[in-house]
Amino acid sequence: MKKRCLMVGAGGMARGWIRRFLPSFADRMEIVALVDIDPKVLAEQADFLGLPAEARFTDFKAAFRSVEADFCIVVTPPWVHRGPIEAACRRKMHVLTEKPIADSWADVRAIYRAVHKAKVKCTVIQNYRYDPGMYTFREILRSRRLGKLNYLMGRFLADYRRYAAWGAFRHEIPHSLLVEGGVHHLDMLRNLADSHCVQISGYEWNRPWSSFKGESNANYVMKMANGVIAHYEGSCSAAGQQNNWHQEYYRAECELGEVVVDRDGTVRLTTRDNKTGALTTAEVPTIQPEYVGHQYVIDAHLNWLAGGARPETALQDNIWSNAAMFGAIEASAKGATVDVAAMVSRVVGP
Ligand SMILES: NC(=O)c1ccc[n+]([C@@H]2O[C@H](COP(=O)([O-])OP(=O)(O)OC[C@H]3O[C@@H](n4cnc5c(N)ncnc54)[C@H](O)[C@@H]3O)[C@@H](O)[C@H]2O)c1
């Protein structure tokens, strides 16, 4: 039977959900009601979906009071995640939410507790894990073709020096890079390391020529539970080389060689001949999973609702990526290494 979905948020990203991602799943789910505080975007997307007037809401609380649905999708700004997710929990609705879980560690903790108490299934979108290039990169590491993983480098460089180049709200909020962008990259580094971040240290900062009020540069070092070290470099004022969305740079230094992906999206392996010192670089054919990006996570969530396996980016796992992000903010503020494992265990138990 089709799952009924209450969708909260009809703005920039939601438009992509409604028009590009969800139509492929029309045989498994349908949007039965839509919410947005902006009547114009609400009308645009609700018209596209053919929703009747009684299925259109400008107040999510009213929607959660009256709509009968199996799950909700949350595509509102990060500071409007907690309200809808707690409301969903009260109605025992499952949740599929955009990243980050929330814009503060206090809200992440509240969401985790509400979901746990209500025993609902909550999945977080981490679509970058399922870009074909990054999916291929991870498969190389997991196959152990280059032996064991030593350390990882990740780089995001975007020229957002013009105000609103990254959507106006991101230029206004605190910790812009980490909250709206870095959470993807810290999650990716965890994904590649196949582990959790247990400690993080480093800094986030701004420069006078930045178009952001919140911190928009970051440099961090993470230590994973399995001993892998990962370095993250990010900037929203990149005036030179670009490693923008879907074109990030990642490098994994392994026992028997390195694997690299750069802005062209091609995964390359380089190995060194011990005797001659000669380097050999080979391009790796890209693996194409059945679903990519958002659709991979949507498919995984619907499978979970139908009794299948828990998705990799379920809240229970994703809390670790958010803990790394809020640990990063604290590390910068205190100039100290933060114990991310302790942050998580205080919420989920040992
Ligand atoms: N996974 C990705 O690649 C990706 C990319 C972009 C954005 N996102 C995430 O998607 C979410 C939304 O971002 P966006 O770019 O669509 O922002 P946006 O500002 O374009 O859209 C947000 C929408 O939420 C609505 N809204 C705000 N407060 C509301 C409330 N109280 N009740 C109902 N609706 C409300 C706004 O009117 C707006 O239409 C964020 O969590 C963001 O991090 C994810």
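Guide: Helix α1 (residues 12–21) gives the most to the shell around the ligand, with three residues. Helices here are DSSP runs of H or I with at least four residues, strands are E runs of at least two, and both are numbered from the N terminus. This is a predicted model: local features need pLDDT of at least 70, side-chain atom pairs count only at pLDDT 80 or more, and totals for chains, interfaces and linings use all residues. Residues are numbered from 1 along each chain as its sequence is written.

Visitor: Which residues come nearest to the ligand?

Guide: Gly11, Gly12, Met13, Asp38 and Glu98, of the 25 residues around the ligand. A residue counts as near if its C-beta atom, placed from the backbone, lies within 6 Å of the molecule or strand.

Visitor: How do the shell residues divide into nonpolar, polar and charged?

Guide: There are 14 nonpolar, six polar and five charged. Ala, Val, Leu, Ile, Met, Phe, Trp, Tyr, Cys and Pro count as nonpolar; Asp, Glu, Lys and Arg as charged; the others, Gly among them, as polar.

Visitor: New topic, sheets. What is the order in the open sheet of six strands?

Guide: β3-β2-β1-β4-β5-β6, with parallel pairing. Two strands pair if DSSP finds at least two bridges between them. The edge strands, β3 (56–57) and β6 (122–124), each pair on one side only.

Visitor: How many bridges join β4 to β5?

Guide: Four, between β4 (residues 71–74) and β5 (residues 94–97). Isoleucine 73 has leucine 96 in β5 as its bridge partner.

Visitor: And the open sheet of nine strands, what order does that have?

Guide: β14-β13-β12-β11-β7-β10-β9-β8-β15, with mixed pairing. Its edge strands are β14 (279–284) and β15 (338–339), each pairing on one side only. Strand β13 (residues 267–272) runs antiparallel to β14, joined by six bridges.

Visitor: Which strands does helix α10 touch?

Guide: Helix α10 (residues 315–334) packs on the sheet and touches β8 (197–205), β9 (217–224) and β15. Contact puts C-beta atoms, placed from the backbone, within 7 Å. The direction of α10 makes about 50° with that of β8. Axes are lines fitted to C-alpha atoms, for helices over the stretch in contact, and angles run from 0 to 180 degrees between N-to-C directions.

Visitor: Last one. How many helices and strands in the protein chain?

Guide: Eleven helices and 15 strands.

Conventions:
Contact = placed C-beta atoms within 7 Å.
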